[in-house]
Structure formats: C-alpha cells, structure tokens
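Please read the numbered points below alongside the sequence and the model.

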Amino acid sequence: MTDPTVFQREIRIQAPPATVFAFLTDPRKIVRWMGVAATLEPQPGGLYLLDVNGNDVARGSFREVVPVHRLVYDFGWDGNAEVPPGSSLVEIDLIEQPDGTLMRMTHSGLPPEAVPAHEKGWTYFLGRLAEVAAGRDPGPDTGHIAPRRSSRLRPLHDQLAFAHCRVTD
C-alpha cells in the first residue's frame, strides 16, 4: 500500500551526478529547467527559495547536503495554507550509473489532496531537468501560466536582488 501523503519518482539522467547536483543547487542553473528566480544556500539551515512563475514561490530550508549524492530540504508555498513553507520534505538521492545518474526523489508530508498537483508539477519539471542536465535544450516552460509579477512578490524580489537569477529571453 502506498502512502497517500508521498510522491516518489525515479528517473535516469544522461549526466554524471555532479552535473545533476549542480542543476539542483546552483540558482543560475536551476532556473534553466524550473522557475524564473532562485536563491539557494545549499548547506544545512540554508535557504531554498524558488519563484516558479512570478506568482508561486516555493520556500524551505536545506536539512542535509551531501555534495553530488544527496539533498534534503523542507518545502512549501508562500501564502498557501494547504502546503505552507516547511510543511513537507523533499529528499533527492543521486546514484552514479554507467550511463549517467539514477535520481530517486521522495516528496513526503503532503496533504493527500495536494499530492496529484505536486506529482504533475514534479513529473513535468524532472523531465526538463533530465533534458538540460544531458546538455539538451528543454525548450520554453509551457507547463505553467505566464509569469505574473504581483505586488506581493515585488518586495521579495527586491530583498533577494543580490542573490537571485532571473531568466530572460
């Protein structure tokens, strides 16, 4: 029986674990496959902040960072009572394979009704990660609505101007 509060996925990526790890922890690289701006401090207690589309902001903190092998961070959405910041946990293991990396991801602690939306989002974005880490262009992010800059986010972006990276065409 599967746990209704957990999403799990395994994907094979045609790139070494160090390359995949960089695309998960470097703010300039993560926005090549997910999001429009990021602040990432990949160390225990460090900030995980990702503006996915100009409206939806994921926030958490890193709990465990084992370079090129494992990431664990808590996760949630600013302004979302169903999955608030820090309310769920993302665990990522990168396992070296002869043809690249096996990535095992578990997102736990989600309310059962939130699992389908997170499954859809992670499935979409992990496919993009596999493409970009393998050196291919994942194309434009068409999985989410066009970025909308709300006044609610402007102070957040202003505060993080020193550390985030924004994708431009």
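1. The point of entry is arginine 104, which is partly exposed, with a relative accessible area of 38%. Its side chain meets that of glutamate 10 in a salt bridge, at 2.5 Å from N to O. This pair links distant parts of the chain, since arginine 104 belongs to strand 7 (residues 100–108) and glutamate 10 to strand 1 (residues 7–13), 94 residues apart. Glutamate 10 is likewise partly exposed, its relative accessible area being 48%.

2. The average pLDDT of the chain is 87, and 83% of the residues score at least 70. Where pLDDT is low, the predicted coordinates should not be read in detail.

3. Is strand 5 enclosed or open to the outside? Eight of the eight residues of strand 5 (residues 70–77) are buried, so the strand is largely enclosed by the rest of the structure. Both of its faces are covered. One side carries Arg70, Val72, Asp74 and Gly76, while Leu71, Tyr73, Phe75 and Trp77 lie on the other.

4. Strand 5 has a pairing partner in strand 4 (residues 57–66), the two running antiparallel and joined by six bridges. Within this pairing, valine 66 has arginine 70 of strand 5 as its bridge partner. Strands 4 and 5 form a hairpin with three residues between them, and valine 68 in the turn has a positive phi of about 65°.

5. Strand 5 also pairs with strand 6 (residues 88–97), again in the antiparallel sense and over six bridges. Here tyrosine 73 stands opposite valine 90 of strand 6.

6. Which charged residues are linked with Arg70 in a network of salt bridges? The network consists of Glu64, Arg70, Glu91 and Asp93. Arginine 70 and glutamate 64 meet through their side chains at 3.2 Å, N to O. Glutamate 64 counts as partly exposed, at 31% relative accessibility. Arginine 70 also forms a salt bridge with aspartate 93, where the closest N and O atoms are 2.9 Å apart. This second pair links distant parts of the chain, with aspartate 93 in strand 6 and arginine 70 in strand 5, 23 residues apart. Aspartate 93 is partly exposed, with a relative accessible area of 26%, whereas Arg70 is among the buried residues of strand 5. The count of salt bridges comes to nine.

7. Helix 1 (residues 17–25) is mostly covered, as seven of its nine residues are buried. The buried residues are Pro17, Val20, Phe21, Ala22, Phe23, Leu24 and Thr25.

8. Leucine 24 has a relative accessible area of 7%; because buried means under 20%, it counts as buried. Leucine 24 and alanine 133 are 109 residues apart in sequence, and their C-alpha atoms are 9.9 Å apart in space.

Terms used
Residues numbered from 1 in each chain as written. Predicted model: local features only at pLDDT ≥ 70, side-chain atom pairs only at ≥ 80, totals over all residues. Heavy atoms only, no water. pLDDT = per-residue confidence, 0-100. Buried < 20%, exposed > 50% of the residue type's maximum accessible area, 1.4 Å probe, protein only. Helix = DSSP H or I, 4+ residues; strand = E, 2+ residues; numbered from the N terminus. Pairing = 2+ DSSP bridges. Salt bridge = Lys/Arg side-chain N within 4 Å of Asp/Glu carboxyl O.
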